[in-house]
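Please read it alongside the sequence and the model.

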Amino acid sequence: MWSCSSFTAPTIRLPKHSLLNPFLNNPSPIPHKMWKTLSKTPPLPKNLCFGHLGISQTPSPPLKTRFSQLGLRQNGDLLSFAGVLGRFPLKCHRCPVGILSFQPSPRWFSSAVKAPKAERKKKEAKTKTGLRVSKKNVLGPLYPPSGKSVVVVESVTKAGVIQRYLGDMFEVVPSYGHIRDLAGKSGSVCPDNDFSMVWEVKSTSKAHFKSIKGALDGAENLILASDPDREGEAIAWHITQMLQEQGILKENTTVARVVFHEITESAIKTALQSPRDIDVNLVNAYLARRALDYLIGFSISPVLWRKLPGCPSAGRVQSAALALICNRELEIDQFKPDEYWSLGVTFHRDDKNSNSIPSKLTHFNSEKLEKMSIGSSAHAEAIKQKVSLSKFKVINIKSSRPERQPPMPYITSTLQQDSANRLQFSAVYTMMLAQKLYEGVKLSDNETAGLITYIRTDGLHISKEAAEDILCLISKRYGKDFASKSPRTFFKKVKNSQEAHEAIRPTNIRRLPSSLVGILDDDSLKLYTLIWSRAMACQMESTITDMIQIDIANAEEDIVFRSTGSRLRFLGYQAVYKDGEVASIVSDLNEGNSDVEAYEVLSSLKVKDSVHLGMVDLVQHFTKPPSRYSEGTLVKRLEDLGIGRPSTYASIIKVLQDRNYVAKKNRVLVPEFRGRMVSVFLSAYFSEVVDYSFTADMETELDNVSSGVTEWKGLLKDYWSRVSKNCDFVGPVTVREVEGMLEKTFENIVYSSLPNENRTCPSCSVGTLKFKVSRFGPGYFIGCDQHPKCKYIFGKISSEDEKPEKFQPKLLGLCPDSGRKIYLKKGPFGFYVQLGEDKKGHKPERASVSQDINTDDIQLEEAIKLLSSKRMSRRGRSKKKVAIKL
């Protein structure tokens with residue numbers, strides 16, 4: 001039965017992206033008659049209100065399939081609509097107080113959501129995201145081989161390793177990453193044409209694709225073995241699409257997708273025995289993410305360039321990360337330190353020559369003291385005087401034996417954090433080293449193998465075979481007492497975690513770090529040692545510590561001091577960090593500082609024993625501002641907020657540094673003035689984009705697309721409508737308004753260098769010095785507001801290390817039609833290509849170069865295409881494109 005506790009007027013609200021909802025743009029309530037048509041149920045009572053669908057019974061597997069088709073997802077025993085707003089609350093959407101409940105029988109709901117037979121057949125016959133699929137695509141094992149097979153992987157290193165494992169019946173070729181991408185110009189994603197996309201093959205990728213086509217000559221199987229993630233699935237899809245468009249794939253060619261979670265001979269041959277089709281849901285999630293990033297970037301960037309010349313484009317995820325760093329800097333700027341005092345004493349059991357017992361004051365006048373309780377020197381001196389006149393005795397003894405659990409195995413984020421903290425490696429450098437260890441290393445003349453499992457993961461599980469092998473090595477190396485009684489399993493609810501892959505671990509735990517000395521370079525060996533030691537530690541027993549806590553008080557017991565001591569009882573997982581294999585490279589950062597001497601002294605005391613007061617120390621402290629983010633702490637914060645993915649953390653930080661928004665100083669990330677301006681601008685005019693929940697919710701929706709719950713084009717429509725409206729709103733804002741907003745925000749920084757804080761123009765004595773944005777490139781300065789009458793400039797504002805790059809025009813070649821020179825140049829809004837020389841009274845033909853295009857790759861051919869495209873758009877003719885409507 002459906003019921004609302006408030007019994008208001010009936011209304012039904014379906015999720016915006018549910019496959020069931022044909023009324024996406026209809027905000028009005030759905031009438032009961034229409035609901036009856038949808039669900040094929042008897043008419044519903046008119047006194048009920050529907051805002052949420054909750055099912056208290058656990059459905060059978062066939063029902064789960066139907067729920068997924070309807071856009072429903074299951075979380076425990078609760079099934080709820082999955083829409084752009086995430087999980088709906090158990091509250092009525094129409095009335096403020098109603099609580100909704102629904103407890104039908106599975107049989108009722110089965111008949112309610114059962115799709116018509118004709119509709120199901122039509123859906124099954126549909127092609128999957130442009131892929132040609134047979135009605136019954138059953139893939140058999142591809143190893144041992146029955147004919148020639150072409151295996152496509154991403155890197156040439158991986159290709160060489162796998163080729164040695166598979167033999168002559170397989171030809172392994174690298175794709176070198178993505179074969180094609182969205183064309184780096186405006187219009188490559190067309191929202192008005194059902195989000196059709198225009199793809200472009202990079203000049204460097206044409207030769208790689210040609211080698212794939214050549215390898216397919218006479219091949220029976222095409223095996224797509226790109227990385228086991230969303231991007232890898234997209235690479236496989238792009239290759240298949242291009243081969244189909246060019247008619248390379250024959251009807252009898254089997255196209256299969258396999259994933260290698262580790263590059264070892266056994267793992268690769270096992271994976272070839274379980275091929276599958278390309279996961280269309282993962283491809284759809286990639287398309288949605290790529291289109292959203294493109295639309296947001298190409299919508300906001302032009303606005304940003306016009307309002308803040310010289311500032312590069314703002315990415316979706318990078319903007320949220322930049323906001324984190326800049327908001328922390330704002331907290332530091334606004335921080336005001338507070339004074340507080342602490343009081344510590346030293347007790348002796350018998351006399352001043354006996355062992356000392358350091359103690360901290362915890363209670364005064366029978367009140368528990370907090371950190372800031374003693375706020376002045378006068379208060380501290382009064383406490384010291386009273387303590388000095390008192391006699392003390394032991395009033396309480398408490399013993400405990402806490403256990404410190406072993407650390408969890410590495411995932412991408414924690415590997416980057418630990419690598420930064422222990423080895424001082426940047427996130428980018430860590431991933432580069434890890435990629436080499438994953439792809440394969442030549443161990444000897446006859447052996448090449450990948451040393452670690454796949455490195456872009458948020459899963460914490462370890463395969464049963466690997467865990468048992470680790471336990472066996474622990475027992476052999478340290479003793480049976482150190483090995484866990486059974487393989488440990490770990491669960492950590494990282495926001496938006498997919499947990500599709502294993503945790504990062506060595507492919508062979510018996511390959512000790514010492515055996516790789518001379519094979520790996522020093523930094524690679526350090527990273528491998530870090531991974532090896534964590535994989536061992538996560539399957540070991542807990543560390544056990546004996547602790548003792550003693551309270552010492554005066555006669556009235558209104559002044560209480562506390563002393564603690566500890567000693568290590570069982571080394572547990574810390575044994576691996578004491579091992580000679582890793583001790584010189586890796587130490588346990590969480591290792592407790594046991595104080596055996598203090599423990600022995602405190603253990604000898606008994607309740608009511610008298611102790612003698614020794615030295616009394618008053619220490620003045622001041623609160624400290626929050627710390628700036630390091631790469632490790634920023635990655636952790638991004639992970640906690642659900643911003644980004646394991647594969648994007650390193651690139652997010654790199655992009656911010658490349659755009660001179662953030663600088664790394666003394667191992668912390670410091671925002672440049674340019675970066676702070678961009679962040680403030682986006683917060684003021686595009687607050688939704690820099691809102692942490694916006695990016696995190698989008699990642700959640702992309703995960704829903706990956707699991708087949710959310711329809712990806714509906715997701716695109718919703719987000720694009722919100723962003724485009726925001727851009728239209730910001731369009732009329734003038735540069736002067738932006739300057740005023742920035743001046744108000746950074747007034748203390750901008751005018752701090754003015755003598756005597758006098759803002760009267762020293763040149764004309766009439767104008768007032770104002771913050772201004774340069775119209776001719778990256779620059780921000782203080783100038784007179786009477787310009788152009790007064791052209792006085794006090795000085796430029798820039799970061800210490802920020803120097804504008806001087807780019808000399810580059811001659812690309814001669815135009816084949818006119819013979820005029822074609823240059824690559826850089827202007828205030830970025831790079832552009834120019835046909836002909838600069839002449840007075842004549843404006844040469846120019847075409848902008850997208851921010852997404854690497855200028856090092858621009859040759860004469862690409863420049864001619866850009867100029868031709870610009871010329872055709874001016875004449876009103878559309879350029880001949882290959883548009884894929886998805």
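In this predicted model, 49% of the 886 residues of the protein count as buried. The protein contains 26 helices and 32 strands, and its exposed surface comes to about 44,200 Å², of which carbon and sulfur atoms supply 51%. Among the contacts with a separation of 6 or more, 71% are accounted for by residues 24 or more positions apart.

**Helix α23**

- Helix α23 covers residues 712-730, and its 19 residues should span 27 Å at 1.5 Å a residue, which agrees with the 27 Å between its end C-alpha atoms.
- At the start of α23, the backbone nitrogen of Lys-713 has a side-chain oxygen of Glu-711 within 3.3 Å.
- The buried residues of α23 include Trp-712, Leu-715, Leu-716, Tyr-719, Val-723, Cys-727 and Val-730, and also Lys-713, Asp-718 and Asn-726.

**Aromatic pairs and clusters**

- The count of aromatic pairs in the protein comes to 15.
- One of them joins Tyr-143 and Phe-170, whose ring centres are 6.1 Å apart and whose planes meet at 25°; because planes under 30 degrees apart count as stacked, this pair is stacked.
- The pair links distant parts of the chain, with Tyr-143 in the loop between α4 (117-125) and β6 (149-153) and Phe-170 in strand β7 (residues 170-174), 27 residues apart.
- Both Tyr-143 and Phe-170 are buried.
- Elsewhere, a single aromatic cluster is formed by Phe-347, Phe-392 and Phe-561.

**Charges over rings**

- The ring of Tyr-629 has the charged end of Arg-328 over it, at 4.4 Å from the ring centre.
- In another such arrangement, the charged end of Lys-825 sits over the ring of Tyr-823, 5.4 Å from its centre.

- Between Met-197 and Asp-181 the C-alpha to C-alpha distance is 9.8 Å, and the two residues are 16 residues apart in sequence.

Notes
Residues numbered from 1 in each chain as written. Predicted model: local features only at pLDDT ≥ 70, side-chain atom pairs only at ≥ 80, totals over all residues. Heavy atoms only, no water. Helix = DSSP H or I, 4+ residues; strand = E, 2+ residues; numbered from the N terminus. Buried < 20%, exposed > 50% of the residue type's maximum accessible area, 1.4 Å probe, protein only. Contact = heavy atoms within 4.5 Å. Areas by Shrake-Rupley, 256 points an atom, 1.4 Å probe, with all protein chains shown as cover. Expected span 1.5 Å × (residues − 1). Polar contact = N/O pair within 3.5 Å; in protein donor to acceptor, adjacent residues only side chain to side chain. Phe/Tyr/Trp six-rings, centres within 6.5 Å; stacked < 30°, edge-to-face > 60°. Lys NZ or Arg CZ within 6 Å of the ring centre and 35° of its normal.
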